Amino acid sequence: MEDFLTGKKHIHFIGIGGSGMYPLAQILHSQGFYLTGSDNNETETLELVRKMGITVFLGQRAENIKDADLIVYTAAIMDDNPELIAARESGVTTIERATLLGLITSRYSNSVCVSGTHGKTTTTSMLTQIFLAENIDISAVIGGKLKAIGGSGIAGSSDTMVCEACEFLDHFLKLSVNVAVVLNVDEDHLDYFKNLENIISSFRKFCDNATKAVIVNGDDANSMRAVEGISGKDIITFGKSADNKWYPENIRHIGPLETAFTIMHYDKAICEAVIHVPGEHNILNAVAAAATAHYCGVSAEAIAKGLDEFKGAGRRFEKYGEYGGITVVDDYGHHPAEIGATLNTAKGMGFKRVWAVHQPFTYSRTYTLMDDFAEVLSIADKTVLTEIMGSREKNTFNVYSKDLCDKIEGAVWFPEFEQVADYVSENAKEGDLIITLGCGDVYKVARMICSKLEKKFSK
């Protein structure tokens, strides 16, 4: 792989506030590179970037790339973006962020890459916390904020790196992978992959690229199809059942957000674990993290300690507040399987009613998986939709939130966040749980709701 960082002094990030860009900026900044960046929307992440001393331009203009000798952009940046146009015309090396991440992973001899349609951020965060408990000075690239590292990325001095491996546009095939983790394989990004067979094929290539081991969900048929025929590396299964090499036993729910269980390796108990994030899916994420850490030589004591110290990643069932007996949480779930797992978990937590406040993300996903979204959002007692966040797409599908709303009994939708927050805060009652769901900026609705409920109950 070409080392396009050598000799570079000024790196400019187009879309530096993105969840995939920010940790790379953290790593390169810590290594002494001079960085600048731009974004279109003011966010908390941009404030964190500025606190590192990085110049941020709000709004994207051709002049922002001045004097840069390497320019990085995200896949969400469209071809008509003025900075991207200027970058390509300038002759300066211009790369997509997945290419940069690929180069960074190649600099580590123990690169652990966590893939899967769902659960990547939580599992990568758990792994990071476990390695820290073992006092390994790791590097990490996470799709959400982890309190233990003060953000979503960290640059360490050891040869170990943990990062999310996203299948979008086959980005994970650009990574240098020593240990591959496959949490699950599901239908997503069908605007690119077209069908499930192509998705499984890409995951198989990702697994085949691993030089040491593949740690795979043995209970997920699609994941197991992805490792069929792969040889020359360790294939380690995890899952809920004892048919796998790693599995949980003696599961006990000891609180609304706490679950205790025994982590088993074959028929041997490795450690007693306690996790502080709800849901059966998070038990499985913890077992995957434990299996991966154990393979990398981490002690059982550090596995238990790291899982216990992990209190969740940002925007993963993150509690924002409680007002008048009404609880508000925010979750990144944006695929039907993720939303279904989150809402089923919420329904089992003893609240009187569960509100799903969902911001659909991309027109293609909303159009293609419309019936699946309608089915899982119907799990909630109350469903409220915002308009679709198109992100990188134009609405060539002629699809709108109203179309989804019409398929969900009793659901409502509003074009503006303020209207959504007003409706929810006016109609929520004591004992209710409100969950904002989506990978866009729907967390802003959660904050608006908290503000309105706080005023309502402070009178």
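Predicted model: local features only at pLDDT ≥ 70, side-chain atom pairs only at ≥ 80, totals over all residues.
**Figure 1. The overall build.** Here you can look for 16 helices and 21 strands, which make up the secondary structure of the protein. The radius of gyration is 22 Å, close to the 23 Å that the globule rule gives for 459 residues, so the protein is as compact as a globular protein of that length. Along its principal axes, the C-alpha trace spans about 60 × 60 × 45 Å. Of the 459 residues, 56% are buried. Among contacts with a separation of 6 or more, 65% are between residues 24 or more positions apart.

**Figure 2. An open sheet of 6 strands.** Follow the strands across the sheet in the order β16-β17-β21-β18-β19-β20, and you will find that the pairing is mixed. Why is one side of β16 and of β20 left without a neighbour in the sheet? Both strands stand at the edges and have a single partner strand each, so there is no neighbour on one side. As background, strands of a sheet pair through backbone hydrogen bonds, either parallel or antiparallel.

**Figure 3. The hairpin of β16 and β17.** Strand β16 (residues 318-323) pairs with β17 in the antiparallel sense, over 5 bridges. To find one of the bridges, look for K319 and its partner V329 in β17. The hairpin has 2 residues between the strands, and G324 takes a positive phi near 60°.

**Figure 4. Strand β17, seen with its cover.** Are the residues of β17 buried or exposed? In this strand (residues 326-331), 6 of the 6 residues are buried. In a regular strand the side chains alternate between the two faces of the sheet. I326, V328 and D330 lie on one side of β17, T327, V329 and D331 lie on the other, and both faces are covered.

**Figure 5. Parallel partners in the sheet.** β17 also pairs with strand β21 (residues 432-437), this time in the parallel sense and over 5 bridges.

How values were computed
Residues numbered from 1 in each chain as written. Heavy atoms only, no water. Buried < 20%, exposed > 50% of the residue type's maximum accessible area, 1.4 Å probe, protein only. Helix = DSSP H or I, 4+ residues; strand = E, 2+ residues; numbered from the N terminus. Pairing = 2+ DSSP bridges. Rg over C-alpha atoms; globule rule 2.2 N^0.38 Å. Contact = heavy atoms within 4.5 Å.
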